[in-house]
Each structure stands twice: as C-alpha cells, then as structure tokens.
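Hi there,

Here is the structure I promised to pass on to you. Have a look at it first, and then read my notes below with the model open beside you.

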Amino acid sequence: MLAASPATLAEAARERRDIVSGEVMEEARLIRFVPGPDGLVVPDLARKLPGRGLWVAADRASVETAAKKGLFSRAAKAKLQAGPDLADQVESLLRRRVLSSLGLARKAGDLTSGFEKVSAAVQSGKVAWLIEASDGAADGRRKLWAQARRQSRPPGLLGVFTASELGLALGLENVIHTAFLAGRAADRWAQDVHRLAGFSPLLPESWREEP
C-alpha cells in the first residue's frame with residue numbers, strides 16, 4: 001500500500017460520528033451533509049459549507065437509511081427533508097468530483113496518458129492508480145494490468161468513466177489509458193475514489209470475468 005502523505009494522515013486523524021450506526025470513524029470514510037436554507041439536506045463533499053455537519057458513512061445503504069428514517073432531522077434537532085434520491089445525488093457529485101480532479105492533476109503534471117507512456121510509468125513502479133476507459137478495448141487494458149500486478153505495490157484500477165468523459169476532463173481526445181502518478185495528489189484523490197466505491201462499483205461487471 002502506498003504511504004499516505006502527512007496532509008492525508010492529518011485529515012484521516014479527524015474523526016466524526018456516523019448518525020446511522022453511531023460509530024466514530026475517520027472523516028475520509030464519511031460524507032458530510034448540512035441543512036440547506038430551505039430545510040433540504042445538502043451533501044457537502046468538500047466539507048466547507050457553513051452549518052452544523054451531519055455525518056454519514058460513505059455508502060449507499062447508510063445514506064438511504066438516514067433519509068428514510070429521518071435521522072438527519074433527529075441529529076440536527078430540526079425538521080429537515082432528505083429526498084429519496086439523496087444517495088444518487090451523492091454518487092453523481094462524487095463522480096463529478098473524481099473526474100474534475102483528474103483534469104487538475106493533469107495540469108499539475110501528476111497524470112500521464114497513452115498506452116506507451118502509461119506502460120513505462122507502470123513498469124517504473126511510480127503509478128498509484130491505473131485509470132482505464134470503461135468502453136476501451138480489453139487487449140490494451142489486460143496488458144497494462146498484467147504489468148501492474150507484477151509490481152511490488154500494484155496500483156489501484158479504476159474503470160468508471162468512458163473515453164469521452166476522460167477526454168473532456170483532460171482536454172484530450174480518445175483517452176483510453178491514464179496513469180495517476182504516486183504522490184500527495186494521488187493520496188487525496190484516492191479518498192474520493194474510495195468514497196465513490198460505496199455508491200458505485202469501480203469496475204464494470206464484465207471486467208471481473210477477464211483473466
């Protein structure tokens with residue numbers, strides 16, 4: 001496992017209580033919500049919105065339970081409304097956040113794209129995450145993943161976004177293979193990826209059947 005940066009460790013050290021289970025856990029494993037001015041429950045993925053934070057474990061079942069059972073109102077001691085699609089809202093926001101962060105990472109020089117460049121990066125052992133287009137051909141993906149699994153610390157694998165979505169985020173065309181290089185940016189990005197995993201699989205089901 002890649003070592004976490006000091007900033008990431010500091011963030012992980014902060015703990016909050018999940019209003020569903022009552023368990024105290026690291027902020028990185030939770031979603032923060034706040035009461036909106038209209039009494040609606042608002043997801044605050046960046047943890048920056050004003051108001052008292054209402055924390056829920058970062059998984060679909062927990063968010064749906066909090067919404068159905070009125071746990072947001074109970075925790076806030078005020079009448080709040082949580083829509084039945086709240087978990088879907090969180091998933092959509094997380095997808096957008098993960099994708100937009102890739103664009104920022106490319107500008108900062110933390111990403112590399114294209115089969116040959118990604119292959120070289122993987123073999124150097126400097127890749128934290130291998131990001132493959134969900135609609136890309138299996139052959140190139142299999143070759144890169146085979147290389148990745150031979151590393152002493154294999155990178156994570158993400159297949160959530162299409163080539164078009166990746167291209168739009170990165171300002172490139174036909175983005176099939178991308179590598180997120182190890183470092184603080186990758187550590188911070190991984191927190192959102194792990195939270196997204198609680199709402200949506202990180203890999204297409206068909207990939208799981210590949211050798």
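Phe180 and Trp189 are both buried, where buried means under 20% relative accessible area, exposed means over 50% and partly exposed lies in between (1.4 Å probe, protein chains only). Before you go further, please note that this is a predicted model, in which local features need pLDDT of at least 70 and side-chain atom pairs count only at pLDDT 80 or more, while totals for chains, interfaces and linings use all residues. Residues are numbered from 1 along each chain as its sequence is written, and side-chain values use heavy atoms, with hydrogens and water left out.

Now to the rings. Rings of Phe, Tyr and Trp (its six-membered ring) pair if their centres lie within 6.5 Å; planes under 30 degrees apart count as stacked, over 60 as edge-to-face and the rest as tilted. The count by this rule is 3 aromatic pairs. One of them is the edge-to-face pair of Trp129 and Trp189, with 5.6 Å centre to centre and 85 degrees between the planes. This pair links distant parts of the chain, 60 residues apart: Trp129 is in strand E7 (residues 127-132) and Trp189 in helix H8 (residues 184-196). Helices (H or I, at least four residues) and strands (E, at least two) are DSSP runs, numbered from the N terminus. Trp129 and Trp189 are both buried. Phe180 and Trp189 make a tilted pair, at 5.0 Å centre to centre and 35 degrees between the planes. Through ring pairs, Trp129, Phe180 and Trp189 are linked into a cluster.

These three also turn up in the core. A nonpolar core is a set of buried Ala, Val, Leu, Ile, Met, Phe, Trp, Tyr and Cys residues joined through side-chain atoms within 4.5 Å. The largest one has 43 residues, and those that touch the most other members are Phe33, Phe72, Leu102, Trp129, Leu158, Phe180 and Trp189. Several elements each supply at least two residues of this core, including strand E3 (30-35), helix H2 (60-68) and helix H4 (86-107). H4 gives the most, with 8 residues. Apart from this core lies another, of 10 residues, with Val118, Leu144, Ala148 and Leu157 among them.

Which of its residues are buried? They are Ser62, Val63, Ala66 and Ala67. Because they cover an arc of only 130 degrees around the axis, they sit on the same side of H2; the arc is that of the directions from the helix axis to the C-beta atoms. The buried residues of H2 pack against E3, E5, H3 and H4. After H2 comes Gly70, whose phi is positive, near 70 degrees.

Is Pro84 buried or exposed? Pro84 is found in the loop between H3 and H4, and it counts as exposed because its relative accessibility is 85%. Ser119 is placed in helix H5 (residues 115-124), and at 7% relative accessibility it counts as buried. Leaving aside residues up to four places away in sequence, Ser119 touches Leu144 and Gln147, where contact means heavy atoms within 4.5 Å.

Best wishes
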